[in-house]
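Morning, everyone. Let me put the structure up, and then we will walk through it together.

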Amino acid sequence: MKSIGSFLKYALLIVYLIAVVAPMAWVFLTSAKSTQEFYKNPIGLPTLVTAPDTATFNAFAENYEKAWVGSNFSRYFVNSVIVVSISLILILLLGSMTAYALARFEFRGKNFLYALFLAGLLIPMQLILIPLFFQFSDMGEAMTEFFAPLARALGLGKLTISLHDSHFGLILIYVAASLPFTVFTLTAFFRTLPNELREASLMDGASEYRTFFQVMLPVGKAGLVTVAIFNFLGLWNEYLFGLVFLSDDRLKTLPLGLASISMQAQYKSDFGLLFAGLVIAMLPTLITYIFLQEQLTKGITAGAVKG
Amino acid sequence: MTKRNERNLFLWMFLGPSVALYSLFVLLPTINAFRYSLTRWDGLSPAVWVGLQNFARILDPKSLFYTALGHNIFLTLAPGIFILGMALLFAYLIHQRIKGARLFRITFFFPNVISSVAIAILWVLIYSTSAAGLINNVLKSVFHFKDAVPFTESSHLLWALVPMIVWSATGFYMVLFLAAMENIPDSFYEAARLDGASNGKIFWSITLPLMWDVLTTGIVFLIVGGLKFFDAIWVMENGRPSTSTHTLSSLMYAKVFEEYNIGFGTAIAVLLFLLVLIVTLVSRRLLQRERLEY
């Protein structure tokens, strides 16, 4: 009886394991097929695996070259790296400073401020999307007007500043929208750190600034890594804001680029390009996850325990 | 500078930038959303104050709002039942300290880190009627189907989305539930076993009640996620959802950016927000009442 139960247990888990991995493995394997090979053998293993030779390797390399160079995936990738890395640095810096002040200082309006950030956890991005769209137009116009005398003085002629179709604009939204989760998580985290550390550092004559950046932040690294992973995954995969605020193809991030390339590739039946593009879009977060899964799981666990 | 001024300056430096950004790009647009929802506006000519007219039109029984909301509810319930059941089952199995627990836990989570756009395109290819379609190729070569099955036709796309959502979300809920199960002290199980309780009895009367708050949190995540559902519909319908696929978010997007009906579109967003708020607050209340302390 016991052995049947244990067999069933493993059978269930292994069946689901295959269901999770199979579609991903299929994409990876198909990305190695040339178009002819794809039509001859759409679901089997690619010849790159079964009978590798130079020709099949070239077909595999050609798919990725087509995606990376021919279809601008390299540009989308770089755009994603720029937007997400700058956003992450700002989120971690501003979020940790705010959380530290909220966790370790007493001042008037502190509870109100904390509640204000907490309220942001309830606001769906859909709610602020449309007002932001028009707010960006107004702010762009105001900034253009404000800088016009300076631009004239510098001989730049008419300088138009726009927050639409600009990485800067998207970064502003990403940072602001990520603050509630970041501040909430880090405030809880900073509260758990021993206050003696801070007191000792201040006693040694270090300023509050120095105490924060050279003592508290390094001690709080574990909390920062956890928020960094969650924010990275959320922003790297973000679609809705990108869709509304970036229409210039040269500025698109990976999810947007992938969506438009996929339409063209399906229309042209260019499956080599499409599958290679999917792999390029999937790999960065998968690799990040494999390296940092321990911290990510700990983050979910901490959330689950607090409820 | 006095000690007190120094401290105030420090607080301003540390709180100022994030409060400014947050107020300007989250709080201000939130207030504006409520304002917009009470106007008729095409984005160019001056907005006209219309009071609650937009809401009256949205809540009219013939409005597309109910159709879209119905789709959101379908996309919450149909996959949700499978996600909760499977996540609980897998968490329970892995919790029994089996061999390979780590491998299962790590692998099941894979789909959760892939972007929703990539997942949507991956499933478009799985379902495709073109040469790429994984399922249709299997049906053709193994089961000798003559014609390809059009799984992602607009009229029944929502059904095709169910396996996709289950596939993409189960891992997260499993990790969440597993964490809750691991948090229950072993002594509880030992005591139950000494009393001769069966495994099933232990699961229903110890494991499940003691992880009730995490289960509720999971259900709230599922409902809120279902209410906000957008990306996959948008990608699979090439930015043109039909009346049989619109969700609240895509309807809002179409009203604003295609029909330039900004007041109406924003009113949909306001209702979406209120729904999210109600679900979250109700679950908080339920939790306060039923939380078991141990």
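Let me start with a question: is Arg198(A) buried or exposed? At 11% relative accessibility, Arg198(A) counts as buried. Buried means under 20% relative accessible area, exposed means over 50%, and partly exposed lies in between, with a 1.4 Å probe and protein chains only.

Some ground rules. This is a predicted model: local features need pLDDT of at least 70, side-chain atom pairs count only at pLDDT 80 or more, and totals for chains, interfaces and linings use all residues. Residues are numbered from 1 along each chain as its sequence is written, chains are lettered from A and ligands numbered from 1 in the order in which they are written, and side-chain values use heavy atoms, leaving out hydrogens and water.

Back to Arg198(A). Its partner is Glu208(A): the two side chains meet in a salt bridge, 3.0 Å from N to O. Arg198(A) sits in helix 9 (residues 195–203) of chain A and Glu208(A) in helix 10 (residues 208–219) of chain A, so the pair ties together parts that are 10 residues apart in sequence. Helices here are DSSP runs of H or I, at least four residues, numbered from the N terminus. Glu208(A) is buried as well, at 17% relative accessibility. For a salt bridge, a side-chain nitrogen of Lys or Arg must be within 4 Å of a carboxyl oxygen of Asp or Glu. Side chains of opposite charge can pair when their charged atoms come close.

How many salt bridges does the structure hold over all chains? The count is 8. One of them joins Lys66(A) to Asp270(A), with the closest N and O atoms 3.1 Å apart. That pair links distant parts of the chain, 204 residues apart. Lys66(A) is in helix 4 (residues 54–70) of chain A, and Asp270(A) is in the loop between helix 13 and helix 14 (271–306) of chain A. Lys66(A) is partly exposed at 25% relative accessibility. Asp270(A), at 13%, counts as buried.

Another one: Asp249(A) with Lys252(A), at 3.8 Å from N to O. Asp249(A) is partly exposed at 28% relative accessibility. Lys252(A) is buried, with a relative accessible area of 15%.

Now the interface. Chain B and chain A bury about 8,200 Å² between them, and 80% of that is on carbon and sulfur atoms. Buried area is the accessible area, taken with a 1.4 Å probe, that two parts lose on being put together, summed over both. The contact takes 93 residues from chain B and 88 residues from chain A. Contact means heavy atoms within 4.5 Å.

What about charge across the interface? The count between chain B and chain A is 1 salt bridge. Glu294(A) forms a salt bridge with Arg102(B), and their closest N and O atoms are 3.0 Å apart. Helix 1 (residues 3–36) of chain B gives the largest share of the side of chain B that touches chain A, with 23 residues.

Two residues that reach across. Thr107(B) lies in helix 4 (residues 101–108) of chain B. Thr107(B) is buried, at 6% relative accessible area. Beyond neighbours within four places in sequence, Thr107(B) is in contact with Leu17(A), Val20(A) and Val21(A).

Then Leu258(A), in helix 13 (residues 254–267) of chain A. At 1% relative accessibility, Leu258(A) is buried. Leaving out neighbours within four places in sequence, the contacts of Leu258(A) include Phe73(A), Gly277(A), Val117(B) and Ile121(B). The C-alpha atoms of Leu258(A) and Ser71(A) are separated by 9.7 Å, though the two are 187 residues apart along the chain.

Last stop, the surface. Which residues make the nonpolar surface patch of about 620 Å²? They are Phe146(A), Phe147(A), Leu150(A), Leu154(A), Leu156(A) and Leu159(A). Patches take residues with over 30% relative accessible area and no salt bridge; like charges are joined within 9 Å, and nonpolar side chains (Val, Leu, Ile, Met, Phe, Trp, Tyr) within 5 Å. Leu154(A) is in the loop between helix 7 (125–153) and helix 8 (167–192) of chain A. Leu154(A) counts as exposed, at 59% relative accessibility.

Technical notes
Accessible areas come from the Shrake-Rupley method with a 1.4 Å probe; for residues, only the protein chains shown count as cover. Helices (H or I, at least four residues) and strands (E, at least two) are DSSP runs, numbered from the N terminus.
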